[in-house]
Amino acid sequence: MSDLQHHLNIQRGDVGRYVLLPGDPGRCEPIAALFDNPRHVATNREYVTYTGTLEGVPVSVVSTGIGCPSTAIAVEELIKTGADTFIRVGTSGSIQTDTPSGHLAIVTAAIRDEGTTSHYLPIEFPAIAHPQIVDALSSAAKTMGAETLSGVSQSKDSFYGEVEPDRMPMASRLKDRWLAWRRGGAICSEMEASALFILSSMYGARAGGVMHMMGVGPDLDPRREKLLSTAVESLRVLIRQDKEDVQWP
Amino acid sequence: MAMHKDDNKEYHIQVAPGEVGRYVFLPGDPGRCEPIARFFDEPKLVAQNREYETWTGYLDGEMVSVTSTGIGCPSAAIAMEELVKVGSDTFVRVGTSGSMQERIKPGDVGIIHGAIRDEGTTSHYLPIEFPAVADVDITRALATGARAVGKTVHVGISQSKDSFYGQHEPGRMPVASRLEDRWTAWMAGGAICSEMEAAALFIVASTLGVRAGGIMMILGHPDQSPMTPDELEAGSVENLLPAAISGMRELIRQDREAASA
């Protein structure tokens with residue numbers, strides 16, 4: 001019986017256990033170029049899938065589109081087709097005022113400032129990255145010479161609510177909450193991590209995220225080379241740990 | 001602050017700067033402070049006020065303290081606020097918790113890396129969408145330390161609740177069906193254990209820019225069925241303390257290694 005997935009247009013065997021998740025379909029091919037033996041698997045809507053290998057093990061990259069609604073669909077269908085380890089890769093705004101542009105955020109948890117995950121779990125439940133992925137990303141960033149911060153990300157549903165809050169009818173609430181996130185120590189703002197983390201908690205999968213941060217000064221990584229190489233290197237770290245059956249920590 | 005009883009002592013915990021270490025264990029029960037302090041070198045009682053009891057000593061040459069928080073997030077938030085004011089920056093919650101998964105047995109150890117904010121205190125700090133998350137370095141050290149003394153370790157999310165009897169006897173509460181539905185949801189979300197303080201520690205830590213984590217003895221069963229005598233024995237909190245001390249030593253070792261790198 002075919003288990004062809006409704007949105008991703010993939011079935012079991014098409015993807016590896018390890019999956020990188022950019023938002024932008026246009027970023028799948030450049031990421032796949034860093035795999036061994038990359039091949040295009042499927043394109044449907046905003047979902048583009050490539051599969052290759054790293055350390056001899058199948059790995060994939062699948063775009064989620066923008067936002068938690070389309071991300072939740074991608075993660076559901078990837079888990080149904082055998083994936084269990086996810087790393088979100090993308091761009092984010094910085095929340096603290098002194099973050100240099102191009103530093104990488106290693107996301108440890110996410111603010112559930114979105115509507116999707118309340119369809120899964122009550123809002124009090126934390127959206128948390130798996131600590132093994134956090135450690136793998138930190139070690140990969142060190143190997144790649146990337147500057148990093150680790151911490152909490154805001155996962156929001158409205159891009160323009162963040163970047164142009166003043167023109168929204170909800171301006172004062174948006175600005176008050178932004179200040180609260182900053183004072184709570186959150187480091188970056190993006191639109192998909194909380195869905196990835198909540199679904200991964202439910203299904204016992206491992207998830208994490210690495211984000212290029214837009215901040216102050218000239219961009220230290222304008223072509224996202226350190227972002228992409230760190231993400232790919234972190235998969236190598238995890239694959240090696242899994243081959244040795246390493247129990248984190 | 002004008003409300004201080006003594007010029008340089010904090011209002012509730014009655015501790016002054018210099019009397020506690022950077023590293024602090026946070027049990028709920030004041031009666032658990034002395035048994036923890038007995039693992040320290042040169043332990044001495046620093047203060048006792050209300051539910052707050054504080055001891056200070058040394059582990060591997062590092063000044064380490066233990067302060068009880070009392071039960072619940074309201075008193076735990078006060079303890080942490082005041083400890084940060086007198087110089088502490090690294091907090092390890094140590095205590096008991098109820099199992100939320102059949103595979104997690106009395107006597108196992110739960111290392112909590114996040115908490116469900118099923119309580120009222122932390123909304124006075126940050127909107128409810130903000131995650132209550134532990135420090136990854138502490139989580140790693142506690143898991144490593146607990147495994148080193150032979151414990152079965154589970155790393156995961158705890159439910160931090162405000163009502164003990166709402167968890168243990170939900171059927172007699174007017175909001176019974178809501179309590180039962182939410183308990184089922186936490187289990188389906190993968191939560192590992194239920195306790196009453198972690199969310200406050202994690203949210204206050206994020207707000208104050210300090211580090212917090214938690215190591216819990218697992219007791220009970222997800223369906224609230226009674227424990228056997230063997231399970232009660234395995235789940236005694238005394239069995240947790242060597243794992244907690246081992247985890248703190250590992251954290252001190254990691255911090256020293258990072259500082260010299």
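1. Start with one cross-chain pair. Glu124(A) and Arg182(B) join their side chains in a salt bridge, with N to O at 3.1 Å. The cut-off for such a pair is 4 Å. Note that this is a predicted model.

2. Now the elements behind the chain B side.

3. On chain B, the residues that touch chain A split into 17 nonpolar, 8 polar and 6 charged.

4. The extent of the contact can be stated briefly. Chain A contributes 31 residues and chain B contributes 31 residues. Together the two chains bury about 2,400 Å². Carbon and sulfur atoms account for 70% of that area.

5. Polar links across the interface also deserve a count. The rule gives 3 salt bridges between chain B and chain A. It also gives 7 residue pairs in polar contact, with both residues at pLDDT 80 or more.

6. A separate point concerns a hairpin within chain B. Strand E2 (residues 41-49) and strand E3 (residues 52-59) of chain B pair in the antiparallel sense, over 6 bridges. Within this pairing, Gln48(B) lies opposite Glu53(B) of E3(B).

7. The hairpin of E2(B) and E3(B) has 2 residues between its strands. There, Arg50(B) adopts a positive phi near 50°.

Key. Residues numbered from 1 in each chain as written. Chains lettered and ligands numbered in written order. Heavy atoms only, no water. Contact = heavy atoms within 4.5 Å. Buried area = accessible area lost by both parts, 1.4 Å probe. Polar contact = N/O pair within 3.5 Å; in protein donor to acceptor, adjacent residues only side chain to side chain. Nonpolar A, V, L, I, M, F, W, Y, C, P; charged D, E, K, R; others polar. Pairing = 2+ DSSP bridges. Helix = DSSP H or I, 4+ residues; strand = E, 2+ residues; numbered from the N terminus.
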